[in-house]
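Hi,

Here is the structure I said I would pass on to you.

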Amino acid sequence: MSALFRLTNRAVALQRSLVANQAAVVRAINTSPKKDETITAPTSLTTEDFANPSPKNWQSYGFDYKDQAEDRKATKSTFFVTVTLCLVWGTFYWAYLPDTQFRDWAQREGFLELRRREQAGVDLVSPNYVDPASITLPSDEDLGDTEIII
């Protein structure tokens, strides 16, 4: 019975939301004439009109707000410096930097030491790397019931 009650509640809620959405979708129709609905093409164009376009709709890139040529020049030079010099050449330089933290040297020395120990027949890692006399272990009373895993 409760499942039927929940189903009818959901159906009623769905109907309410559909009615609310339909009311929100309905919009008024505007019948007034639009301003600047169409533009008229110029009757005669000359080559000078194409050679010297007016910067009437010019949008600045943010480098120079008064002169379009200076703005374009500053934009192109800035992008050349950041992309070409910084990103391309900077990445190339960073990739071929010498190993400043001596990772290659440390790995090479480790392999040489392992080869030397193998040829000498010695353990690769000495069990007495730290002098056992310098280590102080807790006594059995200090450990108590602590489980020791070896």
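The protein chain has five helices and zero strands, where helices (H or I, at least four residues) and strands (E, at least two) are DSSP runs, numbered from the N terminus. Going along the sequence, the pattern is α-α-α-α-α.

Before you zoom in, some ground rules. This is a predicted model, so local features need pLDDT of at least 70 and side-chain atom pairs count only at pLDDT 80 or more, while totals for chains, interfaces and linings use all residues. Residues are numbered from 1 along each chain as its sequence is written, and side-chain values use heavy atoms, with hydrogens and water left out.

How far can you trust it? pLDDT is the predictor's confidence in each residue, from 0 to 100. The protein chain averages 80, and 68% of the residues score at least 70. Confidence is lowest in helix α1 (residues 2-25), with a mean of 61, and highest in helix α4 (residues 103-120), at 93. Where pLDDT is low, the predicted coordinates should not be read in detail.

Next up, helix α3. This helix covers residues 68-95, which is 28 residues, and spans 39 Å from its first C-alpha to its last, close to the 40 Å expected at 1.5 Å a residue (the expected span is 1.5 Å times one less than the number of residues). α3 does bend by about 25 degrees at W89; the bend is the angle between axes fitted to the seven residues ending there and the seven starting there. At the start of α3, a side-chain oxygen of D67 comes to within 3.4 Å of the backbone nitrogen of A69.

UniProt, in an unreviewed entry, lists residues 78-96 as "transmembrane region". Its positions are in the numbering used here, feature names are shortened, and annotations may be inferred rather than shown by experiment. In the model, that span is 95% helix and 0% strand, with its end C-alpha atoms 25 Å apart.

Now for the salt bridges (a side-chain nitrogen of Lys or Arg within 4 Å of a carboxyl oxygen of Asp or Glu). How many are there by this rule? The count is three.

K73 counts as exposed because its relative accessibility is 52%, while E70, at 35%, is partly exposed.

In helix α4, E113 meets R116 at 2.4 Å, N to O, and these two are three residues apart, so about one helical turn separates them. E113 also forms a salt bridge with R117, where the closest N and O atoms are 3.2 Å apart. Because they share partners, E113, R116 and R117 form one network. Why does that spacing work? An α-helix has 3.6 residues a turn, so residues three or four places apart point the same way. E113 is partly exposed at 32%, and so is R116 at 47%.

Lastly, find L114, also in helix α4. L114 is partly exposed, with 34% relative accessibility. L114 and V125 are eleven residues apart in sequence and 8.8 Å apart in space, C-alpha to C-alpha.

Cheers

Definitions and conventions. Polar contact = N/O pair within 3.5 Å; in protein donor to acceptor, adjacent residues only side chain to side chain. Buried < 20%, exposed > 50% of the residue type's maximum accessible area, 1.4 Å probe, protein only.
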